[in-house]
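Let me put the thing on screen and then walk you through a few spots.

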Amino acid sequence: MARVLITSAIPYINGIKHLGNLVGSQLPADLYARFQRATGNEVLFLCATDEHGTPAELAAAKADKPVDEFCAEMHEVQADIAKGFGLSFDHFGRSSSPQNHALTQHFAGKLAEAGLIREVDDSQIYSHADGRFLPDRYVEGTCPNCGFEKARGDQCEECTKQLDPTDLINPRSAISGSTDLEVRATKHLFLCQSQMKDQLDAWINSKADWPVLTTSIAKKWLHDGDGLQDRGITRDLDWGIPVKKGTEDWPGMEGKVFYVWFDAPIEYIAAAGEWAEANGKTDADWQRWWRTDMGAEDVKYVQFMGKDNVPFHTLSFPATILGSGEPWKLVDHLKSFNYLNYDGGQFSTSQGRGIFMDQALEILPADYWRWWLLSHAPESSDSEFTWDQFQQSVNKDLADVLGNFVSRITKFCRSKFGEEVPESAPYGAPEQALIADLTTRIRAYEQHMENMEVRKSAQELRAIWVAGNEYLQSTAPWSTFKTDPQLAATQVRLGLNLIRLYAVLSAPFIPNASSVLMQALNCDDNSWPTDVEAALSALPVGHAFTVPDNLFGKITDEQSEEWQVRFAGTRD
Ligand SMILES: [Zn+2]
């Protein structure tokens, strides 16, 4: 039994995510976790909410709530929606947890001991009216280059010139509009990533099996221009993890917190600690997943994320881990995704364009979305959601191919033999041919799943469903029954066993439908079909079942058109 540690990029706390976010990390991570568990491996699957930083503070202010209360509430909202989508995290943690506070401070202390942190004098704009320092994006003013009056402190959107907040003419706070600002001296800690360039380069070079998309992004950051740059790891904010050196105060850093990019990936580790605490386990129980000196040497660690997160996961987080000099587990495989677009444009959180996770579950069950999103995952290039395609895919793959197969075989059996597996002869040549075909296909399916080739896995699974339909079509038990009821009984017995096989194989994609099928079959044998012939005899003669309700409803043209209008923009 292998041990597989799986993390999904952690979603930011300030709002409900759209389906593009879901398919770029959490959903394929769940697919992989479910497959690994189904094939008998030991899995720890972790995710969390990313809770620190200015956007969380501003969202809380907008909601007129203290930021800790706002984050606690939004965490529950995201956790409920994740449950609704069947995301099978072993733990859904919070980057604001005590575990992450302690670990982040610990890593900073170790990095300082190793000489990998330096202090940098800086200046930042302070707003008297807001009583706080303003990050670049929260200072607005007139662009010195083009005169645009709403230029932001980091960049002018009109002429795209990169700016410093102090370049702006008539600067004002984007939070309160106040012009009572002053430039104040401040100090920040920087992680000396540049010192670790060779070590990171060697580590990336050792990953010959990583996709070129991943390694080329890392190489670009390592070598382009002046090479990998040192990065600030502190901010002048209230909300975050206080800057400390391990458990000790950090002179000169009073009142500052760690920058969110530094503490967020450390939450992958902290979430394991939260998981242990929540489940009455010991420190050793989570450390065996994360410490190579405590059992994690044989763990396979896989990360899932959108392509925009690749630099952080190939460079910044590994710099933290390697720089600590401690034996923490490094990622073994990094699966990254392109973007999913929405109906001729982009998903937009600010414009409410596209489908958000809560809205999706309001209109259709999770499995419909899971199937479409995974079977159209943006792997080799960006992909696009359109209502036509979605309707077609659900109606054909789920309703016509899988749903119809289940319905035909169970209803036919009930009408001719009753609701139990009929007395019948051993499987003959057509059944053996099907078994051989399915064996080939299932081995291919396993390989694609193991390789995290999401689309190929979906295609193979669909082909496995189709093979059953073709068998039913060609053997036609409803005709056979008239001349040879015994043969029809054999065909039906195979068909019923195929439903169980489909339930087991399909569970990583459509877990709810799979469990409905297992319940209808009155079966709790979820064992993976390593031997297909044996798997197709799992339900013995005389085994009772019930005909399940219609497994998948079809999406009508009216629904599709209505939803297209509803999700075109500006959510309520
Ligand atoms: Zn400008």
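Predicted model: local features only at pLDDT ≥ 70, side-chain atom pairs only at ≥ 80, totals over all residues.

Numbering runs from 1 along each chain as its sequence is written, and side-chain values use heavy atoms, with hydrogens and water left out.

So, the metal. Which residues hold the zinc ion? Cys-143, Cys-146, Cys-156 and Cys-159 coordinate the zinc ion through their SG atoms, at 2.3 Å. Donors here are N, O and S atoms within 2.8 Å of the metal (3.2 Å for Na, K and Ca), and water is not among the atoms, so sites may look incomplete. Along the chain the donors are spaced C-x2-C-x9-C-x2-C. Cys-146 sits in the loop between β6 (139–142) and β7 (151–152), and Cys-156 in the loop between β7 and β8 (169–173), so this pair ties together parts that are ten residues apart in sequence. Helices (H or I, at least four residues) and strands (E, at least two) are DSSP runs, by the way, numbered from the N terminus.

Geometry next: the four donor atoms subtend angles of 106 to 114 degrees around the zinc ion, which makes the arrangement tetrahedral. For four donors, that label requires all angles to lie between 85 and 135 degrees. The ideal angle for four tetrahedral donors is 109.5 degrees. Cys-146 is partly exposed, at 37% relative accessible area, whereas Cys-156 is buried at 0%.

Now the sheet. Two strands pair if DSSP finds at least two bridges between them. Strands β1 (residues 3–8) and β2 (residues 42–49) are joined by five bridges, and Arg-3 has Glu-42 in β2 as its bridge partner.

Last stop: Gln-78, in helix α4 (residues 67–84). Buried or exposed? Gln-78 is buried, at 8% relative accessibility. Beyond its neighbours within four places in sequence, Gln-78 has contacts (heavy atoms within 4.5 Å) that include Pro-11, Tyr-12, Lys-17, Thr-49 and Phe-92.

Conventions:
Tetrahedral: all angles 85-135°; square planar, octahedral: opposite > 155°, others 65-115°. Buried < 20%, exposed > 50% of the residue type's maximum accessible area, 1.4 Å probe, protein only.
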